[in-house]
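Hi everyone, thanks for coming.

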Amino acid sequence: MPRFTIVLIHYQAASKHTELWRAANSIYAQTNQDFELLAYHNGPLLDTSQPFPIALKCSETFSDNAADNRNRGLREATGDYIIFMNSDNILYPNALEEISKAIDRPPRLFSEGKVLDKNDIVVYAIIARGIQRFGDSLVRCLNNPEYYLILTGNPPRVLYVDGMQLVMRRELWLAEGGWYDNSSAGDGVMYQRFAAKYGYRPMEMILGEHF
């Protein structure tokens, strides 16, 4: 059983194959290799004219319902912790190593004898490229990667956390019924609920990027 299962989703209508290669290469470059990678491609079309670095498990229909493939990943995963990524995400080479250290360290936060930072959930920070916060919304500036936000995910709530940032035990995902909110803000909605229910262990270290 690996410590981590990384479920990597590629939606062909929204991202290029080169982005998927970039994401996969960032995973294979990890200094901690205690993981399995499950990659799922939304849609029947796939450019096979060039050698591909990973074996893709393709969905049967062309769909933008990424939740279906995330839940498929949960069912097929063997890792203890789940990390969800999209093809426009990357992990820095030391990401899994640092997350693993955070999981293994003793808890530090207590309230009335209760552990607040249990290691069932770990949240790390990322750089979100091409995004600016404007009032109570996020504005995408995809052609301007020099615009960016640092999302600490602490607290993990809507508009302040990205889908790739929360690392949670697979058994808890299954207990919650898997990825059940496929709205644009679904990750923040679910993550906020999970953090309130189970507690979480925050990391202020930037370990990846969202493009």
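Asp162 touches Asn89, Ile126, Leu151, Asp187, Tyr191 and His210, leaving out residues up to four places away in sequence; contact here means heavy atoms within 4.5 Å. This is a predicted model, where local features need pLDDT of at least 70, side-chain atom pairs count only at pLDDT 80 or more, and totals for chains, interfaces and linings use all residues. Residues are numbered from 1 along each chain as its sequence is written, and side-chain values use heavy atoms, with hydrogens and water left out.

Where does Asp162 sit? You'll find Asp162 in the loop between strands E11 (148-151) and E12 (166-169); strands are DSSP runs of at least two residues, helices (H or I) of at least four, numbered from the N terminus. Asp162 is buried, that is, under 20% relative accessible area with a 1.4 Å probe, protein chains only. Yet Asp162 has no salt bridge, meaning a side-chain nitrogen of Lys or Arg within 4 Å of a carboxyl oxygen of Asp or Glu. The nearest side chain of opposite charge, Arg140, is 6.9 Å away; Lys and Arg count as positive, Asp and Glu as negative, and His and the chain ends are not counted. What Asp162 does have is a 3.4 Å side-chain polar contact with His210 (a donor and an acceptor, N or O, within 3.5 Å; residues adjacent in sequence count only if both atoms are side-chain atoms).

Now over to helix H2, residues 66-76. Its buried residues include Arg70 and Asn71, and the buried set packs against E1, E2, E4 and helix H4.

How values were computed. Buried means under 20% relative accessible area, exposed over 50%, partly exposed in between (1.4 Å probe, protein chains only).
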